[in-house]
Amino acid sequence: MQAKILNDQASITSAQQQLTAAQTNLAASTLTAPIGGVVGAVGLTAGQSETSSSGITIVGDGAATVTLAVSLDKLPSIKIGQAATVTPPGLGALKGTVTQISMLPSASTSTAGTSNATVTYDVTVTLPSTPQTLASGTYATTTITTASSNDVLTVPVSAVPGVTSGSARVGVLANGAVTEKTVTVGAVGGGLAEIRTGLTEGEQVVIADVQAALPTNNSQNVRGVTGPTGAGGGTARFTGSGAGGGAAIPGGAGAGGAGVRPGG
């Protein structure tokens with residue numbers, strides 16, 4: 001009788017262990033994602049053992065980051081908190097801000113045949129809200145707004161070549177002759193340069209002639225801005241708030257005329 005009781009207790013213990021194992025397996029068969037979203041990829045196959053590289057990818061709503069390489073010469077104009085626009089293919093423009101600027105260079109590349117090296121730094125832009133269709137690893141065009149101005153005087157950027165801000169010399173056409181004026185340049189972008197001081201609305205400035213032939217060993221017709229004595233007759237004017245155009249000045253060596261206009 002005692003032997004039967006011990007045998008029954010052993011059977012009960014074995015059954016309880018099997019029940020516990022079955023309950024554990026049942027709980028393990030249900031996967032709970034740490035975030036809400038849409039299943040983007042399944043790296044598991046029924047019947048196979050799981051490895052560290054297998055898993056399920058969940059694409060959820062929320063913030064995303066974009067990393068872009070900024071050259072050393074542009075880095076001083078980038079600041080934390082600046083507005084940025086990220087445009088992934090097919091998703092339109094997404095708004096974000098600069099949240100991190102690397103203190104150490106991320107890459108350094110040299111131009112073939114020269115000793116010039118281009119050093120770049122990683123800049124991180126954070127998007128507070130992104131669509132679920134924006135997948136990790138997506139390439140996008142990113143624009144960072146480093147300066148902005150409203151209701152200001154502007155000239156085509158070719159009127160102040162090589163100058164991004166600060167003081168510059170601009171050729172001004174008056175009575176058929178070109179004289180140079182010292183101006184203060186503000187924000188530069190979109191093919192225009194803000195002129196804070198030195199010019200008044202309606203004055204005509206000398207710009208580059210984009211239709212002039214590129215220089216060769218035997219040609220003196222160089223594309224660019226001419227000096228005070230290189231202009232001839234003929235002008236063009238930008239008026240109102242719309243985009244305008246430049247016209248070549250006949251007789252000049254690669255110069256054109258343009259008027260100063262208010263910029264948006």
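Predicted model: local features only at pLDDT ≥ 70, side-chain atom pairs only at ≥ 80, totals over all residues.

Trainee: Which residue forms a salt bridge with Glu194?

Mentor: The general idea is a side-chain nitrogen of Lys or Arg within 4 Å of a carboxyl oxygen of Asp or Glu. Here the partner is Arg196, with the closest N and O atoms 3.4 Å apart.

Trainee: Is Arg196 buried or exposed?

Mentor: Arg196 has a relative accessible area of 56%, so Arg196 is exposed.

Trainee: How many salt bridges does a search of the whole structure find?

Mentor: Three. Another one joins the side chains of Arg169 and Glu180, at 3.3 Å from N to O. This pair links distant parts of the chain, with Arg169 in strand E10 and Glu180 in strand E11, eleven residues apart.

Trainee: What does relative accessibility say about Arg169 and Glu180?

Mentor: Arg169, at 48%, counts as partly exposed. Glu180, at 39%, counts as partly exposed too.

Trainee: Which residue forms a salt bridge with Lys181?

Mentor: Glu203 does, and the closest N and O atoms are 2.5 Å apart. Lys181 lies in strand E11 and Glu203 in the loop between strand E12 and strand E13, so the pair ties together parts that are 22 residues apart in sequence.

Trainee: How do Lys181 and Glu203 count by relative accessibility?

Mentor: Lys181 counts as partly exposed at 29%, whereas Glu203 counts as buried at 18%.

Conventions. Residues numbered from 1 in each chain as written. Heavy atoms only, no water. Helix = DSSP H or I, 4+ residues; strand = E, 2+ residues; numbered from the N terminus. Buried < 20%, exposed > 50% of the residue type's maximum accessible area, 1.4 Å probe, protein only.
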